[in-house]
Amino acid sequence: MRGVVRAASAGDTVPLAGAWVVLHEVTMSAGGARDSMRTDTRGRFDLGVARADTTAIYMVSTTYLGITYFSEAVTHAMRR
């Protein structure tokens with residue numbers, strides 16, 4: 001999954017550089033982190049798994065000001 005982390009600032013949003021982003025994989029029997037990285041200076045990230053589980057859902061999380069935010073869940077077919 002790739003994307004941009006943005007934070008609210010003065011009624012607008014700005015890219016959040018250096019945010020820790022985690023890719024989560026969730027199946028019927030288990031779940032956990034599969035990849036992680038810090039965003040670049042433009043708030044961008046690009047995370048993936050070597051072998052995606054076609055029955056799993058994937059989501060990305062990041063924490064900002066003590067609150068953890070999650071992306072919408074996507075399936076293997078929807079990623080990239």
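Tutor: Helices (H or I, at least four residues) and strands (E, at least two) are DSSP runs, numbered from the N terminus. Two strands pair if DSSP finds at least two bridges between them. The model here is predicted, so local features need pLDDT of at least 70, side-chain atom pairs count only at pLDDT 80 or more, and totals for chains, interfaces and linings use all residues. Residues are numbered from 1 along each chain as its sequence is written, and side-chain values use heavy atoms, with hydrogens and water left out.

Student: What is the mean pLDDT of the chain?

Tutor: pLDDT is the predictor's confidence in each residue, from 0 to 100. In this chain, 95% of the residues reach 70 or more. The mean pLDDT of the chain is 91.

Student: Which element of the chain has the lowest mean pLDDT?

Tutor: The highest mean, 97, belongs to strand 6 (residues 44–46). At the other end, with a mean of 88, stands strand 9 (residues 74–75).

Student: How many strands does the chain have?

Tutor: From the N terminus on, the elements run β-β-β-β-β-β-β-β-β. There are zero helices, and the number of strands is nine.

Student: What percentage of the residues in the chain is buried?

Tutor: Buried means under 20% relative accessible area, exposed means over 50%, and partly exposed lies in between (1.4 Å probe, protein chains only). The chain has 80 residues, and the buried share of them is 30%.

Student: Why is strand 4 described as largely enclosed by the rest of the structure?

Tutor: Strand 4 covers residues 20–26, seven residues in total. It is described as largely enclosed because the number of buried residues among those seven is five.

Student: Which residue in strand 7 is the bridge partner of Leu23?

Tutor: Strand 4 also pairs with strand 7, in the antiparallel sense, over six bridges. In strand 7, the bridge partner of Leu23 is Val60.

Student: Which residue in strand 8 is the bridge partner of Tyr64?

Tutor: Strand 7 (residues 57–64) and strand 8 (residues 67–70) pair in the antiparallel sense, with four bridges. Their hairpin has two residues between the strands. The bridge partner of Tyr64 is Ile67.

Student: Which residue in the hairpin of strand 7 and strand 8 takes a positive phi?

Tutor: Most residues other than glycine have a negative phi. The residue asked for lies in the loop between strand 7 and strand 8, and its phi is positive, near 50°.

Student: What is the relative accessibility of Ala10, and is Ala10 buried or exposed?

Tutor: Ala10 lies in the loop between strand 2 (6–9) and strand 3 (12–15). Ala10 has a positive phi of about 50° although it is not a glycine. Ala10 counts as exposed because its relative accessibility is 85%.

Student: How far apart are the mean positions of the positive and negative charges of the chain?

Tutor: Lys and Arg count as positive and Asp and Glu as negative, while His and the chain ends are not counted. The place of a charge is taken as NZ of Lys, CZ of Arg, CG of Asp or CD of Glu. The chain has 9 positive and 7 negative charges, and the distance between their mean positions is 5 Å.
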